[in-house]
Structures are given as structure tokens and as C-alpha cells.
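Trainee: Please take a close look at the ligand site, and at the parts of the backbone that deserve a note alongside it.

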Amino acid sequence: MMDKPADAVDNPTTIAASPAAASVVKNQLQPEDAAIHGWYRFVLGYPPHLVREYLHRLGADPERDWVCDPFCGTATTPVEARLHGFTTISTDANPIALLATHVKLAWDIDLEVVRCRLDDVLELAEACLDHVGLANRSDNLQQLTLFSPQRVRRTTPTIQRYVEQFNPDELLPPTMAALIPKGFISPKPLLRVLALRFAIETMGGDAIITDFMRLALANVIVTTAGNVGFGPEVYRLPPRDDADVLGAFARMIQRMIDDVNTIRGRHRAPFPPAHVYHDDARLLSSLAQCPPIGIVITSPPYPNEKDYTRSTRLESVLLGLLKTRHDVRALKEHLLRSNSRNVFAGDDDDTYIADIPTIRQVAEEIETQRVKLGKTSGFERLYHRVTRLYFGGMYRHFAALFPKLRPGARCAYVVGDQMSFFRVHIRTAHLLADVAHKVGYTVEGIELWRTRRSTVTGNDLAEYVLILRRP
Ligand SMILES: C[S@@+](CC[C@H](N)C(=O)[O-])C[C@H]1O[C@@H](n2cnc3c(N)ncnc32)[C@H](O)[C@@H]1O
């Protein structure tokens, strides 16, 4: 048996609560933080004030430290760290997360071009919808004139030529539509979304202008067009027959423009550099050239049945970021094995942690429970294996990150306890402490961040911040 790391905290009663742990608003985006952060968020993302708190607690210094988030999701860490003057470096394997991160850090974007492009996009989208017999909802019209109150509908020959190229079946062929869970979007809002996507792509321009609009559309797909809710897993809501998709899009773009102006009013350009890479956090090859990192604030997935590719599927497919089953599989292969839907035959991340007794014990307990309960489905049989693969993947991540850190660098990993697998308690932060110790990190502490109600058991589960240091 491997010895327990001397510096690992193994008794939850000795865990310190972070100073803000008493706050009851810990899970929410605070109104003063809505600018930029609110453009598109994961329900399981952490709030910006966590980043502020840990920049302070880890002693981060903008003159010295690059701040890294290797599982950046919707960019909470890089946006907040940059607001505090830090150069940031972010990676994620999910294309929708990368889109969100790129756009949320595009503070130099030419807003005049965005405004002009918006008029063109709305005009073309309206014309396309007219063409397929889906007239605009009346409440759109007021919104559509947001930027050009005098705008007169003019279906120019160019617009007309484009309209004839609008083919919803080409934008969303049946093979692609099949990737979207049934009932997640109704036919009319879907058509409106496709007309907008077509208009955004057709009106072209710089990649960042197009991406800015695509992120606004991602927001509208989730909040206005789709029949989806999050709790925290994505679920289907009663279908809506139609929705004001174009109006919501125009309002979203206006909000994004206002936010960029607010940021520019508060922070003087040039803004600190912000690097964003598509990468697997178990490899981190994109960090090869970057100077040593001083601070990491991040939240990897937790070992539970949450499937990030499903909770972001609707907008990923409708924006054309995922087109085939092969794309979905390729994405899953680059993610940590955190749920039984993304385990593959050749997976061997578990070999890296085979000698850590605490992980072996919890995996064995899960399998024993399965047998005891007589559970025999293919997914249930994988629960113990997912658990091992998850911690093995995190071993690879910690090992890949270690040489990119400067000596003395400090890292905060936000991770929650889980009970998704036959209610066996997985103390994620504590087990990750054992994994990080094996890689060579010093475990400085495990701090209670917040508790969350488990949708499986109804119990409150603790979420911790695991603090590591590269010696
Ligand atoms: C809990 S979310 C991060 C949320 C983020 N802190 C925020 O505030 O939005 C975890 C992220 O890890 C990403 N991820 C999972 N496995 C990964 C891997 N092997 N490499 C890179 N990113 C990965 C997922 O795509 C997801 O965006």
C-alpha cells in the first residue's frame, strides 16, 4: 500500500472553509459580474468571484504570473484574470467552449463593423424566412430596427441571390439533425436559427466578427429558441411553437456591444495578451512555447454521469461545430473519462493510478454495490471503470502541467464530491490530492467552497478547492 501523502488532508472535519464559503449567493453570477461572463455559460461553471478570491489567496501577481485554465469551459477564469491585468492561457477540447473563450476575450473587436454586419445579417435572415414562408413575428420588427431606425427593407439583387441559396436541409442534413436529442427544438424556431446561421456565414467578414455573432446565436439557441432546461443535466422542456429568435439575437448583440464598451471604459487598452488553444488537458502540447505558468485556477469535469457533449449538443450542432457521429466521438475521445458514455475500448488512463489504494477502494466499492443491487446494464457495468479512468486521466493532466509551471506556482482545482454511481461517495478533491501528490505536487489544502444538492440522492454534496503547489 502506498503511504498516505503526509500533506494531504484526509479528514473532512479538518477542512478549512474559504472566507467566502458563508455566502449564500456562491453559485450565482452576481449582477456586477454579468458583463461578458453572462454571454454564454455552463450551468456547472463557477462564478467570477471565485476567480477573484483565489487570485488573491494564491498571491497572484500580474507583473509575474501568467494565469492558466486548462479546462476553460466558458472562460470564467481567463476573463476575470484579464480584468485584473493578468496574461492568460486557456485550453479546452470542446469547440463550443473555445468559441465562447475566443469571443469573450475579443475586447478589441471593431464594434462599428459588428453594427453594420448586424443590419446585413438581419436583413438577409428576414428575407430567407420570407422566402420559405415564415414571416417575422411582429415583436421582432421593433428589435430589428435597433441599429438603423430608418432602415427600410430593401431586398437588393444581391440579397435576393443569397436568399435563393438558403437551403435549410443543406445546413442541417438528417444525419446532423439526428445528433440533436429529440424535442430539443421545434420546427419554426429551428428554421429561424438556420436562417440566422446562414446569414451570419454568408455575410462573412473577419472570423472574429462572425464568431461574435455565432456566440450570440449560441446564447439565443439555448435561452430562446430551444426547448431545453438545465438541472444541472440538460433536459427537455415543453415544446414552444415559435420564438422571437431574430429579436433575441439583435438584443443579445446589443448587450454584447454595450459590455465591450463598458470594459473599454473601465480598462485601458492595450489589454493583457490572452492565448486560447484547442487541446487535450492530458497532453497540453499547445503550452510548449509559453513561459512558465505561475497560477492555475480551473475546474475539470467531475466523475459523474454528466455528458458535456450532450449539454452543449443543441447549439454545437446548430452552429455546425459538430456535423457527424464521428465528430462527436472524436470530441469525446479528447475529454476526460468522466461518464459512462465516453468510455472506449482502448482506454488505459487507469494504468497511471493503479497503485493508489484510495482510488482502488472506491472503484471496488462501486462494483460491489452494482453486484449487490443486481444492476446489469452496459453503462452501470462501466461505473467503476469510469472512476479509475477519470483519476488516471487527471494523473496525466497533472503530469503534463507540472513541467509548464514555474517552481512555486500554485493551482486551485474546483471539484465536487459525487454520488452518481450507486450512491457511493467519491471524495473527488481528496482522491485528486493523492493523485497530485504522486505526480510530485505539494498539497497545500482542501477548502470547502460550497455545497450543492445532488439530483440523484437529494443530499448536499460538498464542492472543494484543492490547492496545489509545484515545489
Ligand atoms: C466544469 S467545465 C469548466 C467550467 C469553467 N470553469 C467555466 O466557468 O465555464 C469542464 C470543462 O473541461 C473540458 N474538458 C473535459 N475534458 C477535457 C480534456 N481532456 N481536455 C480539455 N478540456 C477538457 C470540458 O469541455 C468543459 O468545458
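**The ligand site**

Mentor: The ligand sits in the largest cavity. A cavity is, on a 1 Å grid over the protein atoms alone, a set of points where a 1.4 Å probe fits but cannot get out; a molecule sits in one if more than half of its atoms lie within 2 Å of its grid points. This is a predicted model, in which local features need pLDDT of at least 70 and side-chain atom pairs count only at pLDDT 80 or more, while totals for chains, interfaces and linings use all residues. Residues are numbered from 1 along each chain as its sequence is written, and side-chain values use heavy atoms, with hydrogens and water left out.

Around the ligand there are 23 residues, and the closest are Thr74, Thr76, Asp92, Ala281 and His334; a residue counts if one of its heavy atoms lies within 4 Å. By class, this shell has 12 nonpolar, seven polar and four charged residues (Ala, Val, Leu, Ile, Met, Phe, Trp, Tyr, Cys and Pro are nonpolar, Asp, Glu, Lys and Arg charged, and the others, Gly among them, polar).

Polar contacts are pairs of N or O atoms within 3.5 Å. Thr76 places a polar side-chain atom 2.6 Å from an oxygen atom of the ligand, and Asp92 places one 2.7 Å from an oxygen atom of the ligand. His334 takes part through its backbone, with an N or O atom 2.8 Å from a nitrogen atom of the ligand. Of the 600 Å² of accessible area that the ligand has on its own, the protein covers 99% (Shrake-Rupley method, 1.4 Å probe).

Ala75 lies in the loop between strand E2 (67-69) and helix H3 (76-83), where helices are DSSP runs (H or I) of at least four residues and strands (E) of at least two, numbered from the N terminus. The phi of Ala75 is near 75°, positive although the residue is not glycine.

Key. Polar contact = N/O pair within 3.5 Å; in protein donor to acceptor, adjacent residues only side chain to side chain. 1 Å grid on protein atoms, 1.4 Å probe; cavity = no way out; pocket = protein on both sides within 12 Å on 5 of 7 lines; lining within 4 Å.
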